[in-house]
Amino acid sequence: MKLPPKLDGPWRITFDTNPGLCNLRCIMCDTHSIYNRKRDEIIKRYKIMAVEVIERVLKSTKPYVKEIIPSTMGEPLLYPYFESVLEIVKRFGIKINLTTNGTFPRLGVERWGELILPLASDVKISINGVTKKTAESIMVGLNFEEHMKNIKKFLKIRDNIRREGRNNPTVTFQVTFMERNLNELPSLLKLAIELGVDRFKGHHLWVTWPELSNESLKRNKDSIKRWNEMVDILYELKEEYGSDIKLDNIHKLSESVDSSIPDDWICPFLGREAWISWDGTFNVCCAPDKLRKSFGYFGNVNEQDFMELWNSEKYNNLIENWGSSEICKKCNMRRPVEEVYMHGSKS
């Protein structure tokens, strides 16, 4: 199935500012997981992105980019130049879309909330359990009680900023769907509704480590069936509460284990968004680092203007032939074709 026409330029760019810096060791992370026995060796290879890279790329893409995402590899609030990123966002008149583990390191939740929320389109807070045992077993190093306090404080700041008319940011609960937290999803959705969270979003687990193979909800027909039943439960719960919370990326899977992703689900990213590695490499998608590198090398923004890479023959060929690789066929990020793609939608 063909993708929608390629945009003239990306509407959003993710900058992997600090992949080697994180204060948690979430089991599903492709870098910092407790199952990554070579973590210390690997993170030594990662450096910190020069903030000048962000500014240079935004100058090149100024007519197109509406928002940026700072590092989704590592905890972005540990990036030592994060405050400079906020100044750049303000100067370019665009928004910041943040995914954070909710520990709010360095400055604390109150200060970060006041700095980020007036400039944010959406802030996704990773949350993977409604009980201390589950949450802390997935996001290793997390203090569950502090996490809950931070979320409540952050939502109060959001409400104040909305009330004062300074911005209208949304806050999202971001979940990785897996066997370990499946039965807690209804309670997690109830919590989101009760707290006034705007969106409940997630994606299925990438099995990046052998120890996670039994956590995948796509591993057999029974696990797929239980996931599909959970989808009904979550939508029914939303209706029961009469809530306007948005349920995002919560869809039933095909019951074929060989291809649990339905055939008419497509990539929402190629030709629409871009990823820039800490070293300036143009990464074409958000699959785990090892997988996306298998697509090949598409250039570096420290050597060429970004728009030259965006319009390159190699990148256009990748878009034209999308879906032919095994990575694309099994990608957890594919979406139903009717959802792809409202330009400027949040994800």
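Which element gives the most to the lining of the largest pocket? That element is α9, with four residues. This is a predicted model, in which local features need pLDDT of at least 70 and side-chain atom pairs count only at pLDDT 80 or more, while totals for chains, interfaces and linings use all residues. Residues are numbered from 1 along each chain as its sequence is written, and side-chain values use heavy atoms, with hydrogens and water left out.

**Terms**

- On a 1 Å grid over the protein atoms alone, a cavity is a set of points where a 1.4 Å probe fits but cannot get out, and a pocket is an open set with protein on both sides within 12 Å along at least five of seven lines; lining residues have an atom within 4 Å of a point.
- Grid points are joined across faces, edges and corners, and a volume is the space filled by probe spheres set on the points.
- Helices (H or I, at least four residues) and strands (E, at least two) are DSSP runs, numbered from the N terminus.
- Ala, Val, Leu, Ile, Met, Phe, Trp, Tyr, Cys and Pro count as nonpolar, Asp, Glu, Lys and Arg as charged, and the others, Gly among them, as polar.

**Pockets**

- The largest pocket holds about 890 Å³ of space; 31 residues line the largest pocket, and W206, V207, T208, P288 and L291 are the closest to its centre.
- At least two residues of this lining come from each of α9 (289-293) and α12 (326-329).
- Twelve nonpolar, seven polar and twelve charged residues make up the lining of the largest pocket.
- The second largest pocket has about 230 Å³ of space, and among its 18 lining residues S277, T281, N283, D289 and K293 are the closest to its centre.
- Here too α9 supplies the largest share, three residues, and β10 (282-283) also supplies at least two.

**Cavities**

- Three cavities of 30 Å³ or more are found in the whole structure.
- The largest cavity contains about 1,000 Å³ of space; its lining has 46 residues, with T72, M73, T99, Q174 and H203 nearest its centre.
- Elements giving two or more residues to that lining include β1 (12-15), β3 (95-100), β5 (170-177) and α9.
- The lining of the largest cavity has 18 nonpolar, 18 polar and ten charged residues.
- About 130 Å³ lies in the second largest cavity, where C267, C285, W322, C328 and C331 are the closest to the centre of the 16 lining residues.
- Of the residues lining the second largest cavity, 15 are nonpolar, none is polar and one is charged.
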